[in-house]
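Welcome! Here is a short briefing on the side chains of this structure and how they meet. Please take a look at the sequence and the model first.

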Amino acid sequence: MVQYLMSVLTDSTDLATEPEMAAIGAFNEQLKTDGHWVFAGGLAAPDTATVVDGRAGSAWPDTEPVFTDGPYLESKEWIAGFWIIEAPHLDVALRLAALGSKHCNRRVELRPLLGG
């Protein structure tokens, strides 16, 4: 089985409506029943993000990390939530992504995880 990240894309800070949450809950239960569920979660708005850069160059090995408030990129869309699923092949993952998009009423980006 291959693991995939399904990122829920949005251009609004509005939370899911009650009917959308019910549909998402039903979709989550179906993923669990069918053995595709790994993990899922919603994310807070991008303005709550903090970018952490702990890289140290060879010239400055003792450099302190840099913390920057706000999202990494300014964008018209961002990730509002995600699922990590397992599927035997891409066709199944695409079908599940289409169902996820329908249930959450938002676009979904599907990407395989490396090394799974």
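A residue is called buried under 20% relative accessible area, exposed over 50%, and partly exposed in between (1.4 Å probe, protein chains only). This is a predicted model, in which local features need pLDDT of at least 70 and side-chain atom pairs count only at pLDDT 80 or more, while totals for chains, interfaces and linings use all residues. Residues are numbered from 1 along each chain as its sequence is written, and side-chain values use heavy atoms, leaving out hydrogens and water.

**The nonpolar core**

- A nonpolar core is a set of buried Ala, Val, Leu, Ile, Met, Phe, Trp, Tyr and Cys residues joined through side-chain atoms within 4.5 Å.
- The largest one has 16 residues, and Met-6, Leu-31, Trp-83, Ile-85, Cys-104 and Val-108 touch the most other members.
- Two or more residues each come from strand E1 (2–10), helix H1 (18–33), strand E5 (78–87) and helix H2 (90–104); helices (H or I, at least four residues) and strands (E, at least two) are DSSP runs, numbered from the N terminus.
- H2 gives the largest share of this core, five residues.

**Aromatic pairs**

- There are two aromatic pairs in the structure. Rings of Phe, Tyr and Trp (its six-membered ring) pair if their centres lie within 6.5 Å; planes under 30 degrees apart count as stacked, over 60 as edge-to-face and the rest as tilted.
- Phe-27 and Trp-83 are edge-to-face, because their ring centres are 5.1 Å apart and their planes stand at 85°.
- This pair links helix H1 with strand E5 across 56 residues, and both Phe-27 and Trp-83 are buried.
- Phe-39 and Phe-82 form a tilted pair, 5.9 Å centre to centre with 35° between the planes.
- Phe-39 lies in strand E2 (residues 37–42) and Phe-82 in strand E5, so this pair ties together parts 43 residues apart in sequence.

**Salt bridges**

- A salt bridge is a side-chain nitrogen of Lys or Arg within 4 Å of a carboxyl oxygen of Asp or Glu, and the whole structure holds four of them.
- Among them, Arg-106 pairs with Glu-20, with the closest N and O atoms 3.3 Å apart.
- Arg-106 is buried at 17% relative accessible area, and Glu-20 is buried at 11%.
- Arg-107 and Glu-77 meet in another salt bridge, 2.5 Å from N to O.
- Arg-107 is partly exposed at 49%, and Glu-77 is partly exposed at 33%.
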